[in-house]
Each structure stands twice: as C-alpha cells, then as structure tokens.
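Please look over the model shown here. The report below takes up helix packing and ring pairs.

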Amino acid sequence: MTSGTPNLAQPELAQPALARARWYVVIVLGLVYALNIADRYVVSTVLEPIRKEFHLSDTGVAWLTGVALAFFYISVGLPIAKVADRTNRRNIVAGAMIVWSAMTALLGLTQNYWQFLVARIGVGIGEAGGTPPSTSIIADNFPRGRRAFVLTIYALGLPLGAWLGSTVAGWVVDYFHSWRAAFIALGIPGVIFGILILLTVREPVRGRFEYINESSAPAATFVETCNFLWTQRSAWHINAAGTVICLWGWGLLWWTQTYFEREYGLTTAQAGERLGTIYFWAGSGATIATGLILAHPSMQDPKRAAWMLAGLVTFSTIPSFIAYHTHSLGVATAMLWLVVPTAYLYVGPTMALLLNFLPPSMRAQGMAISLLTANVANLIIAPSIVGWISDALAGRMGNAESLRYALMALSLTGFWAAYHYWTSVRSYTADDARVRNFGKPDATITEP
C-alpha cells in the first residue's frame, strides 16, 4: 500500500460477518471447481470402456474426449471472460455450471460417437465460464497479500474433484456395470448447485482491495490485456510454467487410468479407486500444507512462492519418469504418491501470482488466457501426442508397452516447467510497480 492511500481492506477484514461471507464464497467456488474437475476426471476413468465401445484408437479417443472439449472451451472462454470483466460474474459462474453439468449428465444418455461428441462440446462451452470469473470474484474478496493462501484453499477443489471423478465414478461404474452411469451421477448434482450459487453468493465490488479503486473503470479489451500481459515478463513466465505443468502432470494423469488397466490388468473400479485415493489424500494434503506455508508472513514475498514451486516440480519430475518406467504396480503407485502432490499444489499459488501481476480490469481475461494455454497443453497436445506415439508403437510393442513409452517421454517435460518458475522472479520488482501504478496518469513505469 502506497503512502497516503487508504487501506480499504482492514476495516472489512475486521468484521466477523463479512469475513464469514467471504470464506463462504471461497468454499462454494471451490466446490464449483471440484465439480468442474470431476467432470473431466470421469472421462479419464472411463476412457478405455469408451474406446472399446466406439472402436477407437488411442488417438481417436483422445480427440473425442479431450480435443473436442478443449477446442470449444478455448473458443468461447475469452469472450465469456471479457463479459465477466464487465458484468456480474456470479451469474456467469452459476449459468456456466448449470450448462456443463446438464451436458455431463447428457453424456450418460449418448448412444454413439457423434452424440457423445456433441455433448462433450457442450461441456466445454459450459466449463469455459467457470474458473476465470470465480478467481476474479475471490481476488476482489481478499487483499493481495492473502490471495496465494486463499486461492490455495480454493484449489482444494482439484483433489476433491479428482477423487469424485476417479474413485466415486469407478464405484458407480462397477455398481451399475455401465460407464454412462458415472456421467449421470456427477452431472445432476451440479445443476442443483448452480441454482444454489444464484441464490446465496453475492457479486463483490471490483478492485476494492487495490491501490486504486477500479470499480467504475471500464474493462480492458482483449488486445489491451494481451499487450499488458506481454509486458509483464513475470506473468508471462508464470503462465508458461502453469501451462507446461498441465502438459506434464495432468497430461500424465489423463492416461494413467488407462495405462493401469492395460499394464496391470486392473478393472475400471480398481484403477479408479487406487488413483482416486492418491488424488484425494496426496493432493489435499499437499494443497493444505502449501496453504499453511503461504500463510506465513515470510511467504508474502512472491519470489519465495516461485522458488518453492520450481524446486518441487524439479524434484517431482524424477519419480514421474520412474512411475512409467517400472513394471511394478507397487513402485508405480509409490511414485505417483510423490508426483500427484506437485501436480495439484501449484494451482493456487500460480493463480495468485498471475492475478497479482494483473490489474482488476484484466483479471478474468488474463485468467482465461492462462486457462486457454493450459487447456491446449492438457486437453489437446498431451492426449493427442501420447495417443499418437502409443498408436505408432503399438504394432511392435502392444498397447500397454507403447503407452508406457509415450508416458515416459511426456514425464520429462516437468523440468521445462521448473525453468519458467525460476526465470519469472527476475522481473518481479518492475512488474509489481507497473501493476501498482496502472491507471495513474502521472506514473513512471520502468521496463523490465
């Protein structure tokens, strides 16, 4: 806070009722995130049954389940984010959740490839309106210094959603003997939850905890957001790090259920329960521990958060390779207990770092750009490349061994993500000053 600027945060934070209301928003939006992730993980859980029923190759099932969603997600995500930077974000989140949940349930009623494709596109369109406005709402409920901690709590929705989409979905498939039942079981509650959001969550004042109040300022255009993001070298590298982590961690986990079924002969329920347990306990434990670390006053410096993430990703890349190199189910499972925490805990701190380097009028669009690149990596590049390599090698090695080699190649990209975290800290000081002075006509901005 610059000298002479009134501290808008402290009087509000001191009021218990308002504090409870803000944390209610975090919890509710975290559950939105959980259902968003669950709707994605359930596809990974039933990937092999879908591939067999529709008679698809690994590349074909990757295009049906991942690319179809990602293409429309990224196509409508930016326009929705632009609207979110101008209008009521609560309504966008609620409406988006109702749409993607209804389309998820509809996936359970599809009977052929084309019906599944259309419903999957609908899920992508709905999910595009979830995370960008949600994180923007949270950023306007807490001051800058607390956002890394708060968004890490919000990110607990990731391991919870992964558990729902893996273990719970596996149970449902096993009980009903149908992969379609899993989609229906996860889709219907989301429609009800979307209505709850409309009735109980309030839209916050935009930019109320910033150095200047932008509640009445016009929202930035997409071009202005891109230009500002490009000049913020710290934000650029943070976004690159998050994108490559999605390519690495989430790309690996996209195929791990299928790999376990092929390599070790597990059923859908057995593989889903094994992986869901890791997702929930390792992911939740690591996310909570990260939140506690980030809540410490010494971690208010964003450089420390970036250094921590760089070290963790570097360390986790090694067991991610071993997990697919080994032919032992026990060793592979043990390695995933070391990999999954990093694949999840990075989300909250990375979101906070990115949002702190963007002014309020650009946050939803900036987050949408970040999710665009992440989803291209996670839903298009990783599934397609792994599927293509697996298909190319299958004739000589068999489906299980070919998929193993494809996943080993992907595992090494973790080192690339760590590089971007290390590099991002070089321009933190200049980029922070640029955000603090954004919108001030007499501001002098030093280029990084």
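## Basis

This is a predicted model.

## Helix 4 against helix 12

Helix 4 spans residues 58-84, and helix 12 spans residues 233-264. Their axes lie 12 Å apart and meet at an angle of about 140 degrees. That angle makes helix 4 oblique to helix 12, because only angles over 145 count as roughly antiparallel. The crossing of the two helices is right-handed.

Helix 4 brings Asp58, Val61, Ala62, Thr65 and Gly66 to the contact. Helix 12 answers with Trp254, Trp255 and Arg262. By class, the contact has four nonpolar, two polar and two charged residues.

## Aromatic pairs

The structure holds 21 aromatic pairs. One of them joins Tyr113 and Trp114. Their ring centres are 5.2 Å apart and their planes stand at 80 degrees, so this pair is edge-to-face. Tyr113 is partly exposed, at a relative accessible area of 27%. Trp114 counts as exposed, at 60% relative accessibility.

Phe116 and Phe183 form another pair, with ring centres 6.0 Å apart. Their planes are at 80 degrees, so this pair too is edge-to-face. Phe116 is in helix 6 (residues 113-127) and Phe183 is in helix 10 (residues 179-200). The pair therefore ties together parts that are 67 residues apart in sequence. Phe116 is buried, at 0% relative accessibility. Phe183 is buried as well, also at 0%.

## A ring cluster

Ring pairs link Phe116 and Phe183 with Phe54 and Trp179 into a cluster.

Technical notes. Residues are numbered from 1 along each chain as its sequence is written. This is a predicted model: local features need pLDDT of at least 70, side-chain atom pairs count only at pLDDT 80 or more; totals for chains, interfaces and linings use all residues. Side-chain values use heavy atoms; hydrogens and water are left out. Axes are lines fitted to C-alpha atoms, for helices over the stretch in contact, and angles run from 0 to 180 degrees between N-to-C directions. Helices (H or I, at least four residues) and strands (E, at least two) are DSSP runs, numbered from the N terminus. Angles under 35 degrees count as roughly parallel, over 145 as roughly antiparallel, 65 to 115 as roughly perpendicular and the rest as oblique. A crossing is left-handed if the near helix is turned anticlockwise from the far one by less than a right angle, and right-handed if clockwise. Contact means heavy atoms within 4.5 Å. Ala, Val, Leu, Ile, Met, Phe, Trp, Tyr, Cys and Pro count as nonpolar, Asp, Glu, Lys and Arg as charged, and the others, Gly among them, as polar. Rings of Phe, Tyr and Trp (its six-membered ring) pair if their centres lie within 6.5 Å; planes under 30 degrees apart count as stacked, over 60 as edge-to-face and the rest as tilted. Buried means under 20% relative accessible area, exposed over 50%, partly exposed in between (1.4 Å probe, protein chains only).
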